[in-house]
Amino acid sequence: MNKRITTRVLQEMKHAGTKIAMITAYDFPSAKVVEEAGADIILVGDSLGMVILGYENTIPVTIGDMVHHGRAVVRASKRALVVIDMPFMTYQISTEEAMRNAAILLQETGATVVKLEGGSEIAPTVQRIVAAGIPVMGHIGLTPQHVGKFGGFAVQGQEAIQALKLVEDALALQDAGACAVVLEAIPWQVAQIITQRLTIPTIGIGAGIHCDGQVLVYHDILGLQTEIKPKFVKQYGNFFPQMAQAVGNFVAEVKEKSFPDDKRTYSMEENALRIFNEKTN
Ligand code: KIV
């Protein structure tokens, strides 16, 4: 199937019991790989703050960063639905500002859906953005933009009262018109209840097997990230050491003068060389 996946297709996948695979990508080559791998959704996540830009968390990421990376991802993708994160403080100040920033992200990148972190407190904003024609994906549980408030990256919803709040938040996002909700780092039992109660798909990360889909960060899948390794990450490759080794081989060959070798060196034809020597001597 070459037609781009739509939010309606996600809905149909939920109802058919077909699991949804979402992977982050941040540039042209990573989006090509994710697309080639057959992911249903590419997320231009603000996790780029950590895995691409080297920040400690997602707080410093700007709308300019998202536009820059989002454009490259959209250029590389043909089939996957492209979802883009609204960075910290681009949707919390006022609904008008949120709508303006959602429009910038869509118009300047070509992505289809914006993702916002938060529950009932942002539901009115989600409602306005959706009413304006922009599809919204919600994100609850361990929402990285709230790292300061949470005091770190800890599992959410382990107390009954917190779990109940997560169910209410998911329902509020659905009522506001969200097309799907990411559930991050919450107990699987809570994710299962939310997935059963919602008619829109849930996409889990550290939220157990019962979600309608799963998401992982590209760099975590490939073992390109050496800093943070949350418990829920499954690494499907370990490419960082291989990359460092390959690049190290180049450095070593330059130093020992074995690169470039004869096969990669152009020579001047004899006649041209003679003329060149005459002129330069
Ligand atoms: O920014 C991101 O990569 C995310 C995923 C972890 C869901 O929001």
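The model is predicted, so local features need pLDDT of at least 70 and side-chain atom pairs count only at pLDDT 80 or more, while totals for chains, interfaces and linings use all residues. Residues are numbered from 1 along each chain as its sequence is written, and side-chain values use heavy atoms, with hydrogens and water left out.

Start with the whole chain. It is divided into domain 1 (7-238) and domain 2 (242-280). These bounds come from an automatic or database domain assignment. The C-alpha centres of the two domains lie 47 Å apart.

Now find the largest pocket. A pocket is an open set of points on a 1 Å grid over the protein atoms alone, with protein on both sides within 12 Å along at least five of seven lines. Lining residues have an atom within 4 Å of a point. Here the lining has 38 residues, and M50, E184, I205, P230 and F232 lie nearest the centre. Helix α3 (48-51) and strand β6 (180-184) each supply at least two lining residues; helices (H or I, at least four residues) and strands (E, at least two) are DSSP runs, numbered from the N terminus.

Next, look at the ligand. Among the residues around the ligand are T24, L43, H139, E184 and I205. Being near means having a heavy atom within 4 Å. For D46 the distance is 3.1 Å. For D85 it is also 3.1 Å. For K115 it is 2.9 Å.

Key
1 Å grid on protein atoms, 1.4 Å probe; cavity = no way out; pocket = protein on both sides within 12 Å on 5 of 7 lines; lining within 4 Å. Polar contact = N/O pair within 3.5 Å; in protein donor to acceptor, adjacent residues only side chain to side chain.
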